[in-house]
Structures are given as structure tokens and as C-alpha cells.
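Hi,

Here is the structure I said I would pass on.

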Amino acid sequence: MIEARHLRVLRAVATSGSFSAAARELGCTQPAVSQQMKALEGSVGTPLLIRSGREMRLTQAGEALVRHAAGIIAGLTAAEEEVAAIAGLRAGRVRLVSFPSGSSTLVPTALAALRAAHPGTRVSLEEAEPPRSVEMLREGDCDVALAFRYEGAAGAEEWDDLVVRPLLSDRLVGLVPERHRLARAESVAIGELADEPWIAGCPRCRGQLVEVCETAGFTPRIDFATDDYPAVAGLVGAGLGVAVLPQLAIESVRPRGVRTVVLEPAVRREIVALTLPDLAQVPAVTATLEKLAGAAARSEGAGVRGSGVRESGVRGRRA
């Protein structure tokens with residue numbers, strides 16, 4: 001097998017005309033140059049140099065190898081520079097997948113911080129809800145997946161093969177029309193909404209809603225179902241029903257004609273950033289995870305006060 005270091009030595013010998021001159025050019029000893037040339041000739045199985053006294057010239061095979069060496073060395077140099085740029089975050093690409101409320105709250109802050117710190121790193125964004133986003137990560141269609149799961153839900157082992165970066169704990173809050181009988185309550189037991197018509201959100205949130213309501217002793221009458229959070233808020237604001245949405249979704253919607261109320265008992269979803277173990281070693285992926293964690297910390301501190309939910313704060317875990 002031909003080694004790149006041997007090609008560099010051959011090219012130096014060809015351009016300088018002697019082992020001693022090549023050694024000076026390469027910053028090594030003449031015996032080292034001689035040994036590497038012998039190793040290269042052994043690899044290719046034919047002489048590459050003809051030595052005549054103090055003169056040295058290339059054989060036909062040597063000329064052919066030198067001709068190809070220029071392109072090979074140039075390509076390797078370019079590859080080394082590109083890898084060094086990626087490792088140093090002067091370049092790189094990260095494919096990010098996020099659920100919608102994460103895309104409109106955590107992701108913009110994180111990507112703005114990433115661009116400011118590492119302007120050469122490019123990030124693409126695609127939206128998908130878990131479990132589809134997690135499937136995309138495992139299938140190689142993204143590098144980082146922003147995902148969530150409800151606390152206490154079955155299937156906690158579903159992420160055991162992934163690197164999990166906890167971001168925050170996102171509490172579910174109730175949405176009622178601003179003229180609703182419970183609009184100004186300090187907190188509301190979900191059972192108090194048993195007779196209300198309901199507007200349900202995304203499929204996973206919808207399933208969680210039904211589970212929580214059934215635990216409280218009733219099955220919700222779902223009149224409307226939509227994956228669009230602004231539509232949920234609009235339907236509630238029009239007096240067509242009540243809803244339960246994650247706090248992060250409320251921050252992304254900023255609803256009008258709606259009051260948010262604290263629900264008891266508390267139900268939370270854990271928001272995380274996921275990646276594969278090998279990808280976690282890539283500098284651009286590591287930087288993206290760090291910026292997502294920073295965005296979550298800022299959201300955790302400001303989100304509740306900005307949304308009008310009367311609660312002291314949403315607590316989360318730090319990585």
C-alpha cells in the first residue's frame with residue numbers, strides 16, 4: 001500500500017534532485033529519506049530512482065508516480081484543511097429536527113447563539129413530532145432531534161441507545177375562554193373541566209390528555225382536534241371549548257381572548273435533545289447541544305412570567 005508520507009518524500013527527491021537536498025527540504029535526515037524511498041519501492045514492487053554517482057533520476061515508474069503524487073497530495077492537504085476547519089468549528093453542518101413548539105421557542109435562540117459563536121457552522125431545520133423525529137435520528141436523516149416524553153409514561157427505555165441531553169421540564173397548562181367561570185381561578189383541578197367540550201392538540205398530546213382525564217375519572221368530549229397550536233388557542237378564544245397545552249406551546253402562540261390556568265395535579269413533559277453516541281463527539285453537534293441547553297435555561301427563567309400563568313416557575317434539569 002502506498003503511503004502519503006512516502007509520496008511526499010518521493011516528490012521532494014524528484015524536485016530537489018538528491019536525498020540530502022530532500023532531507024533539508026523536509027526537515028529530516030538523509031538516512032530517513034533513503035529508508036522511506038526503499039519502503040516505497042518495496043510497496044510498488046519496482047525501482048523508482050536510478051542512482052548514478054551523485055546524480056539521481058526517476059525511472060519511468062517513478063515519473064508516473066510523481067505525476068500522480070501531485071494530485072494525491074493536493075487532495076489530502078485539502079481534506080486535512082477541511083477536517084481541521086470542521087474540528088475547529090470554522091465549518092461544519094448539523095441537521096436538526098424539532099417539534100413545532102420547540103422550533104418556535106428554543107431553536108431560534110439556540111441557532112442565533114450558535115451562529116454568533118461559530119458563523120461557519122450551518123444548521124438545517126426540519127419539523128417532526130416524536131416518535132418520528134427519533135426514528136429520523138436512528139435512520140441517519142438528522143444529527144440532533146429535539147423531542148419530548150411525558151413524565152411517568154411507559155417506554156422510558158426507548159432512548160437507551162441514544163445520548164440524552166435534558167433541557168427542561170414543561171408543565172401542561174389549561175386554556176379557557178377569558179369569560180369562562182374558572183378564568184380567574186388560582187388553580188383548577190382537571191376534574192372541574194369534565195363537562196366542557198375539549199379542543200385537543202397533537203396526537204401524542206391528545207393521548208396524554210385522554211389518559212390524564214381518565215385518571216381524574218372522566219373521558220373528555222373532544223369536539224375539535226388539530227396539530228396547529230394557534231388553531232387550538234383560536235378555538236378556545238372563540239368560546240368553543242377548553243384545552244390543555246404544554247407551557248412551551250403557549251409561549252409560541254401568545255393567545256388572545258384566552259386565559260391560562262394552572263392545572264392540578266401537575267403534569268409535565270420532559271424536553272430533551274437527542275443524538276447518537278458517535279455524533280456526540282462531533283464538535284458542531286456538541287456546540288448545538290450546548291446552545292439548545294442555554295436557550296432552555298433562558299426559556300425556563302422567563303417563559304412562565306411572559307405567558308400569564310400564575311405559577312412560581314417551571315423547574316427543569318441541567319445537563
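Let's start with a charged pair: the side chains of E3 and R5 meet in a salt bridge, 2.7 Å from N to O. By salt bridge I mean a side-chain nitrogen of Lys or Arg within 4 Å of a carboxyl oxygen of Asp or Glu. E3 is partly exposed, at 34% relative accessibility, and R5 is partly exposed too, at 45%. For those labels, buried is under 20% relative accessible area, exposed is over 50%, and partly exposed is in between (1.4 Å probe, protein chains only).

Before going on, some housekeeping: this is a predicted model, where local features need pLDDT of at least 70, side-chain atom pairs count only at pLDDT 80 or more, and totals for chains, interfaces and linings use all residues. Residues are numbered from 1 along each chain as its sequence is written, and side-chain values use heavy atoms, with hydrogens and water left out.

Back to the charges. The whole structure has twelve salt bridges. One of them joins R149 and E270 at 3.3 Å, N to O. That pair links distant parts of the chain, with R149 in strand β5 (residues 144-150) and E270 in strand β12 (residues 268-275), 121 residues apart. Both R149 and E270 are buried. (Strands are DSSP runs of E, at least two residues; helices are runs of H or I, at least four; both are numbered from the N terminus.)

D170 and R269 form another salt bridge, 2.9 Å from N to O. D170 sits in β6 (residues 163-177) and R269 in β12, so this pair ties together parts 99 residues apart in sequence. Both D170 and R269 are buried. Salt bridges with shared partners also join R132, E135 and E139 into one network.

Now the helices. α4 (residues 60-87) bends by about 30° at A69, the bend being the angle between axes fitted to the seven residues ending there and the seven starting there. A69 is also one of the buried residues of α4, along with G62, L65, V66, I73 and A85. Their cover includes α1 (4-16), α3 (30-44) and β2 (55-58). After α4 comes L89, with a positive phi near 60°.

In α2 (residues 19-26), F19, A21, A22 and A23 are buried. G27 follows α2 and has a positive phi as well, near 75°.

Overall, the chain has ten helices and twelve strands, and 46% of its 319 residues are buried. The C-alpha atoms fill a box of roughly 105 × 30 × 30 Å along the principal axes.

Cheers

Definitions and conventions. Contact means heavy atoms within 4.5 Å.
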